[in-house]
Amino acid sequence: MVYRLFSQFLSRSLVRCLLCGDSCMHSSGLCDGCRAELPHLHSACECCALPLPPSPSQSGRQCPRCLQHPPAFASARAAWHYAFPIGQLVQRFKYRGDLVAGHSLARLAAARLEPMADRPDLLVPIPLHWRKFLFKRGFNQAQLIAAEFGRQWRIPVAARLLRKRGAGASQQTLTRARRLRNLIRSFDVRQPVRGLHIGLVDDVITTGATLEAASRALLEAGAWRISTYALARTP
Ligand SMILES: [Zn+2]
Ligand SMILES: [Zn+2]
């Protein structure tokens with residue numbers, strides 16, 4: 001009895017909120033107060049997840065860019081704005097290898113983004129170029145996020161389906177269309193995807209160019225439909 005109380009006390013006192021340092025009972029590693037204050041993305045373009053001003057009709061909204069040039073992927077969803085403190089947590093995860101922060105984010109985002117209808121057959125993380133992977137970071141943040149989404153959503157994850165080759169010479173002087181073509185060619189699709197609905201997973205959506213290129217590579221390889229998921233979206 002005493003031992004059990006002591007171990008309960010220990011486990012309670014040792015778990016600290018990742019953001020404020022208060023003791024924290026929630027499995028995500030963030031306390032109730034900090035979780036409530038996260039910059040949730042409520043109002044966004046359904047195509048590319050670009051934050052949009054709130055409006056009474058929240059469904060079926062698209063940004064002007066997607067209306068003019070619909071992206072190759074059918075939808076994009078992000079759990080949060082890329083703003084304080086999500087930006088700081090993502091950077092801790094991505095550049096300082098803080099896997100506890102990464103796991104917290106992935107866990108909370110999985111709960112927010114779970115697809116109820118129109119579920120992908122397979123989740124595929126955006127790959128890192130292997131040199132970056134090996135010498136700089138040592139892990140692929142998108143793969144860790146996809147693994148947590150797959151676990152919570154009960155969807156298989158194909159971590160090696162896409163491979164990223166080097167982008168080659170500087171792309172600065174090329175036209176936008178040419179850069180996109182090069183980016184599409186830099187993705188190898190290494191397993192059959194014909195007829196599949198693929199859920200592409202990345203950490204942060206910024207311009208959407210990487211997701212666009214990976215989606216086109218998958219569609220060219222015969223995939224039926226692409227949905228995309230990320231932790232956060234930049235404005
Ligand atoms: Zn806290
Ligand atoms: Zn859009």
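**Exercise 1. Decide whether Phe 93 and Phe 139 are buried or exposed, then describe their ring pair.**

Step 1: Both Phe 93 and Phe 139 are buried (under 20% relative accessible area, with a 1.4 Å probe and protein chains only; over 50% would be exposed, and in between partly exposed). A note before going on: this is a predicted model, where local features need pLDDT of at least 70, side-chain atom pairs count only at pLDDT 80 or more, and totals for chains, interfaces and linings use all residues. Residues are numbered from 1 along each chain as its sequence is written, chains are lettered from A and ligands numbered from 1 in the order in which they are written, and side-chain values use heavy atoms, without hydrogens and water.

Step 2: The structure holds three aromatic pairs (rings of Phe, Tyr and Trp, the latter by its six-membered ring, with centres within 6.5 Å; planes under 30 degrees apart are stacked, over 60 edge-to-face, the rest tilted). In the pair of Phe 93 and Phe 139, the centres are 5.6 Å apart and the planes at 35°, so this pair is tilted.

Step 3: Phe 93 belongs to helix H4 (residues 86-96) and Phe 139 to the loop between helix H6 (130-137) and helix H7 (141-153), so the pair ties together parts 46 residues apart in sequence. Helices here are DSSP runs (H or I, at least four residues; strands are E, at least two), numbered from the N terminus.

**Exercise 2. Classify the ring pair of Phe 149 and Trp 153.**

Step 1: The ring centres of Phe 149 and Trp 153 lie 4.7 Å apart with planes at 25°, so the pair is stacked.

Step 2: The two residues are four apart in helix H7, about one helical turn, and both Phe 149 and Trp 153 are buried.

Step 3: Ring pairs join Phe 149 and Trp 153 with Tyr 229 in a cluster.

**Exercise 3. Work out which residues hold the zinc ion (ligand 2), and with what geometry.**

Step 1: Its protein donors (N, O and S atoms within 2.8 Å of the metal, or 3.2 Å for Na, K and Ca; water is not among the atoms, so sites may look incomplete) are the SG atoms of Cys 45, Cys 48, Cys 63 and Cys 66, at 2.2 to 2.3 Å.

Step 2: The angles among the four donor atoms are 103 to 115°, and the site is tetrahedral (four donors, all angles between 85 and 135 degrees).

Step 3: Along the chain, the donors of this ion follow the spacing C-x2-C-x14-C-x2-C.

Technical notes. Four donors count as tetrahedral if all angles lie between 85 and 135 degrees; four count as square planar and six as octahedral if opposite donors are over 155 degrees apart and all others between 65 and 115; anything else is irregular.
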